[in-house]
Amino acid sequence: MSDCLWTPSAERIEKSNMKAFMAHVNERWSLDIQDYEHLHDFSVNEREKFWVSLKDFTGLKAQDWGSRVLVNGDKMPGAEFFPDAKINFAENLLKKNDETEALVFWGEDQVKRTLSWKSLHDEVSVFAQALRQSGVKKGDRVCAFMPNMPETIIAMLAASSLGATWSSTSPDFGVNGVLDRFGQIEPTVLIGVEGYYYNGKAHDCLKKLEAITEALPTLKHCVIVPYTRDNPDISKVKQAVLLDDFVADFEPQDIEFEYVSFNHPLYIMFSSGTTGKPKCIVHGTGGTLLKQVSEHVLHCDNGPGSRAFYFTTCGWMMWNWLVAGLAAGSTLLLYDGSPFYPSGNILFDFADAEKMTMFGTSAKYIDALNKAEIKPKQTHDLSSLLSMTSTGSPLVAESFDYVYRDIKDDLHLASISGGTDILGCFVLGNPIAPVYRGEIQCRALGMAVETFDEAAQPIRGEKGELVCVKGFPSMPVMFWNDPGHARYKAAYFEKYDNIWCHGDFVSIDPDTGGMVIYGRSDATLNPGGVRIGTAEIYRQVEALPEIQESIVIGQDWEDDVRVVLFVVMKGSATLSEALIQTIKKKIRTGCTPRHVPAKVIAVADIPRTKSGKITELAVRDVVHGREVKNKTALANPEALEFYKDLPQLSG
């Protein structure tokens, strides 16, 4: 058993939403559940009762929930929750309509704004009217190339109020990265920012928007949101209209919500693009709502009076997750920009100034604070702060130590893990249970999570595959343009029939019930906890005339993963320092800064299968000194020798 670092007080347990929910379940179903373990058992063994209890306890609205709760419950994929329901996502997030704060926004040290619930309601109303007037209807795609600012949430709520489907990226994406995503889903409307702030500087986005809009033939409008300047010149952006002009003809009124089915597409998220263009993962309205509200209310103890923050961009699923905090009645604290400008204290300044109760971030950020010797406990009050959540990559034991030593000792620290695939968590925090060093506290309610060994048998205390053995509401509805659900089934159900295999290498502690995640069990890169697809990098690198071919892997390095790029040179070309910088610049501008490799190394050949596919997993194994198990599948196994014991990778 790991060291216990924090235990909630008896008072905190009694006042928690989790405890109140237990009482609700006990009264509703004549049970006597007194601890989390038995509540979790109930949630996976009595799924219909659990999800009905959850929607009633949290006050979720529907035009009609219908009489059926679960159909084909033994099928995965195929299980259908609330198949007769008619609901609207935005209606459930516009929880209040008063003058208390709904959104608080800081754009580095440049912009500070607050929006009341009434103002949020009014701005969603006029934006929705403008979208409807523009011809947006149920099922149309509305996309955003936006920072994490109030206008992005307003636009999403307006789109979902109409039953439109939302998808977003952040403005640090390159043009190719945006088009690889939005180009597949044919948006009707694009909301784009004219510029954004990072590290104290304004970065223009209009040039990118010119190229993006030119390449999206289905686009009818590009709504430009001013941020770094009031009157940008948008004349070169196709179909462009400034936000104020787009909504000018409308006045706030009651929002006309379009009711949709439980599985109606709400969000389109994107996979990392490992083997080609990113897969478009379609998430349903009801499943997203139920799953995310269960996590906010029960696992994070959020509700009216909570002030929840997550450091995220609109290109990461944690933005979609954070927004659902509105359905818990929480005030959302939004921050866009660098978390280290003007100093590493900025987010703690934000926490104190805005009385933050939940501080959400990444494991890499916590590690960076530790290495920078930032000690908020000595410089900040943080009396309002009740919890801190960490995701993106495993939170190492030393980071648990740092949080309790240098941030706050009376704090619910929750390492959480799930992903874009489920728009929520498989494992996460429990506010009524102890925190153990290096462990994720518990399996999520409603999620029948297990660890499987090689023989597909459940195990405890040993490393194995993270699986989910029963269907849950936030499984993807489908992948976009995936006839017969072939890619969907291959992504999660190829290894085990009728069982979700997530691709994480994990163990469950038999004593605490907590989980340790050791990393991904596939080839997806994960530097700083951000999933990166290799194919996105190849498309940039191999466009250079000096490069014949390339292969990229993630190398385990200092409790994280660093991107290592190997290149085969064309003809007599050589890998000079100038070319390395050119490669890095092209990747940074064509993809994102997170894709940029830490090392670029020239090799003579790349191993490939007999069908001609390059083999990242084999290269990664060689670099880490592991045996390549299936050399017979390779057409040129001798190429593996070029990756052994490279001195460039030892420092």
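Tutor: Before we start, contact here means heavy atoms within 4.5 Å. Keep in mind that we're looking at a predicted model.

Student: Okay, which residues in α3 do Met18, Phe21, Met22, Val25 and Trp29 in α2 meet?

Tutor: Start from the α2 side, where those five names sit. Going by the contact cut-off of 4.5 Å between heavy atoms, their partners in α3 are Tyr36, Leu39 and Phe42.

Student: What do we call the way α2 lies against α3?

Tutor: Take helix α2 (residues 17–29) and helix α3 (residues 36–45): their axes come within 11 Å and cross at roughly 55°. That angle makes α2 oblique to α3. As for handedness, α2 passes α3 in a crossing that is left-handed.

Student: Which element gives the most to the lining of the second largest pocket?

Tutor: That pocket holds about 570 Å³ of space, and 25 residues line it, with Tyr36, Glu37, Gln441, Thr512 and Gly513 nearest its centre. The elements giving two or more residues to this lining are α2, α3 and β25 (442–443). The top contributor gives 4 residues, and it's α3.

Student: Now the cavities: which helix has the largest share of the lining of the largest cavity?

Tutor: The model has 4 cavities of 30 Å³ or more, and the largest has a volume of about 70 Å³. Among its lining residues are Ala363, Lys364, Asp367, Ser399 and Glu558. By class, the lining divides into 4 nonpolar, 2 polar and 5 charged. The largest share is 3 residues, and it comes from helix α14 (residues 363–371).

Student: How does α14 lie relative to α16, oblique or roughly perpendicular?

Tutor: α14 and helix α16 (residues 397–407) have axes 10 Å apart and pack at an angle of about 65°. The crossing is left-handed. Since angles of 65 to 115 degrees fall in one class, α14 counts as roughly perpendicular to α16.

Student: Which residues in α16 do Ile366, Asp367, Leu369 and Asn370 meet?

Tutor: By class, this contact of α14 with α16 has 4 nonpolar, 2 polar and 3 charged residues. On the α16 side, the partners are Glu398, Ser399, Tyr402, Val403 and Arg405.

Definitions and conventions: Residues are numbered from 1 along each chain as its sequence is written. This is a predicted model: local features need pLDDT of at least 70, side-chain atom pairs count only at pLDDT 80 or more; totals for chains, interfaces and linings use all residues. Side-chain values use heavy atoms; hydrogens and water are left out. Axes are lines fitted to C-alpha atoms, for helices over the stretch in contact, and angles run from 0 to 180 degrees between N-to-C directions. Angles under 35 degrees count as roughly parallel, over 145 as roughly antiparallel, 65 to 115 as roughly perpendicular and the rest as oblique. A crossing is left-handed if the near helix is turned anticlockwise from the far one by less than a right angle, and right-handed if clockwise. On a 1 Å grid over the protein atoms alone, a cavity is a set of points where a 1.4 Å probe fits but cannot get out, and a pocket is an open set with protein on both sides within 12 Å along at least five of seven lines; lining residues have an atom within 4 Å of a point. Grid points are joined across faces, edges and corners, and a volume is the space filled by probe spheres set on the points. Ala, Val, Leu, Ile, Met, Phe, Trp, Tyr, Cys and Pro count as nonpolar, Asp, Glu, Lys and Arg as charged, and the others, Gly among them, as polar.
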